[in-house]
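I open this notebook to record what I looked up in one chain. The entries follow the order in which I checked things.

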Amino acid sequence: MRPREFVNSLKELKFENVFNPYADRCIVHDLDDAPSRRATALLNLLEAAAATEVNSLWIGRDLGHRGGRRTGLALTDDVHLPVHATRWNISIERATTGSILAERTAAVIWSMLALVPTTVFLWNVFPLHPHEPDDPFSNRSHRPHERTIGEAILAELLAMLRPRRLVAIGNNAAKSVDRLATITEVLQVRHPSYGGQSDFVRQIRCLYDLKRAPEQGTRRRVAAPLGF
């Protein structure tokens, strides 16, 4: 699947109590053409990544209401949208109006990405924003049927980008990665939320040799390549 086909397939996704940033417009925070802006940003990002060698794909759980719901980019809030664009040498137009919002998880993720010199693509098991009923600015974990769709999308992404390794951020992402097992090297690190920030920072430093440290606490698994 090519990047444009991939983004078009995301636009078609629709679930109950789920915001699709590439098709839906938030009447509170979004500009009139926000879905188009987010879809274009993702397309440009995918085309840039597909044209180079992707060292790592970091994968989280879902888009959050302060981050990916607004930007359309995994693990990226308003604050880090410009640096995300610069990292891939593309242009990204902000899709929201009003104050710039920060997300705690995105802040930790990008504090470490600033130290990682190699190519890292960011994604989520479920690439949309699931929320509680009647509360669009809340976060919930994706449901089993949503995860099934998300894993199929992730498989397409892996076939397109062929990253050297996957870094699963948290247990939810690790379970999906275990089911897919489509690349040679798979690693799990602690999710930076809920008290996991220091472990996440230490594990990423160790993984990318940002400082010499033992690999205690980093789960490493080698999976058989599927040959795509």
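**Entry 1. A charged pair side by side.** I started with aspartate 62, which counts as buried at 12% relative accessibility. The model is predicted, and I read every value here as computed from it. Aspartate 62 forms a salt bridge with arginine 61, at 2.4 Å from N to O. Arginine 61 counts as partly exposed, with 29% relative accessibility.

**Entry 2. A charged pair across two strands.** I then looked up glutamate 185 and found it in a salt bridge with arginine 165, where the closest N and O atoms are 4.0 Å apart. Glutamate 185 belongs to strand 6 and arginine 165 to strand 5, so this pair ties together parts that lie 20 residues apart in sequence. I checked the cover of each partner. The relative accessible area of glutamate 185 is 16%, which makes it buried. Arginine 165 is buried as well, with a relative accessible area of 10%.

**Entry 3. Strand 5 and its cover.** How many of the residues of strand 5 are buried? I counted five of the five, over residues 165–169, so the strand is largely enclosed by the rest of the structure. I recalled that side chains in a regular strand alternate between the two faces of the sheet. I therefore sorted strand 5 by side: Arg165, Val167 and Ile169 are on one, Leu166 and Ala168 are on the other, and all are buried, which means that both faces are covered.

**Entry 4. Neighbours of strand 5.** Which strands pair with strand 5? I noted strand 2, residues 56–62, which runs parallel to strand 5 and is joined to it by four bridges. Within that pairing, leucine 57 stands opposite leucine 166. I also noted strand 6, residues 185–189, paired with strand 5 in the parallel sense over five bridges.

**Entry 5. Helix 1.** I moved to helix 1, residues 3–11, and listed Pro3, Phe6, Val7 and Leu10 as buried. These residues cover an arc of only 95 degrees around the axis, which puts them on the same side of helix 1. What covers the buried residues of helix 1? I found that the cover includes helix 2 (34–50), strand 3 (120–126) and helix 6 (144–161).

**Entry 6. Other salt bridges.** I went back to the charged side chains and took the total, which comes to 11 salt bridges. One of them joins arginine 25 to aspartate 32, with the closest N and O atoms 3.3 Å apart. Arginine 25 is partly exposed, its relative accessible area being 36%. Aspartate 32 counts as exposed, at 69% relative accessibility. I also found a network of salt bridges that links Asp33, Arg37 and Glu93.

**Entry 7. Positive phi.** I looked for residues other than glycine with a positive phi and wrote down two cases. Leucine 75 has a phi of about 55 degrees. I placed leucine 75 in the loop between helix 3 (68–71) and helix 4 (81–87). Leucine 75 is buried, with a relative accessible area of 9%. Asparagine 89 has a phi near 55 degrees. I placed asparagine 89 in the loop between helix 4 and helix 5 (104–113). Is asparagine 89 buried or exposed? I read 73% relative accessibility, so asparagine 89 counts as exposed.

**Entry 8. The whole chain.** I finished with the overall values. I counted eight helices and seven strands in the chain. The C-alpha trace spans about 50 × 35 × 35 Å along its principal axes. For 228 residues a compact globule would have a radius of gyration near 17 Å, and the chain agrees with that at 16 Å. Buried residues make up 52% of the 228 residues. Of the contacts with a separation of 6 or more, I found that 71% are between residues 24 or more positions apart. The chain exposes about 10600 Å², and carbon and sulfur atoms supply 49% of that area.

Notes:
Residues are numbered from 1 along each chain as its sequence is written. This is a predicted model: local features need pLDDT of at least 70, side-chain atom pairs count only at pLDDT 80 or more; totals for chains, interfaces and linings use all residues. Side-chain values use heavy atoms; hydrogens and water are left out. Buried means under 20% relative accessible area, exposed over 50%, partly exposed in between (1.4 Å probe, protein chains only). Two strands pair if DSSP finds at least two bridges between them. The arc is that of the directions from the helix axis to the C-beta atoms. Contact means heavy atoms within 4.5 Å. The radius of gyration is taken over C-alpha atoms; the globule rule is 2.2 Å times the number of residues to the power 0.38. Accessible areas come from the Shrake-Rupley method with a 1.4 Å probe; for residues, only the protein chains shown count as cover.
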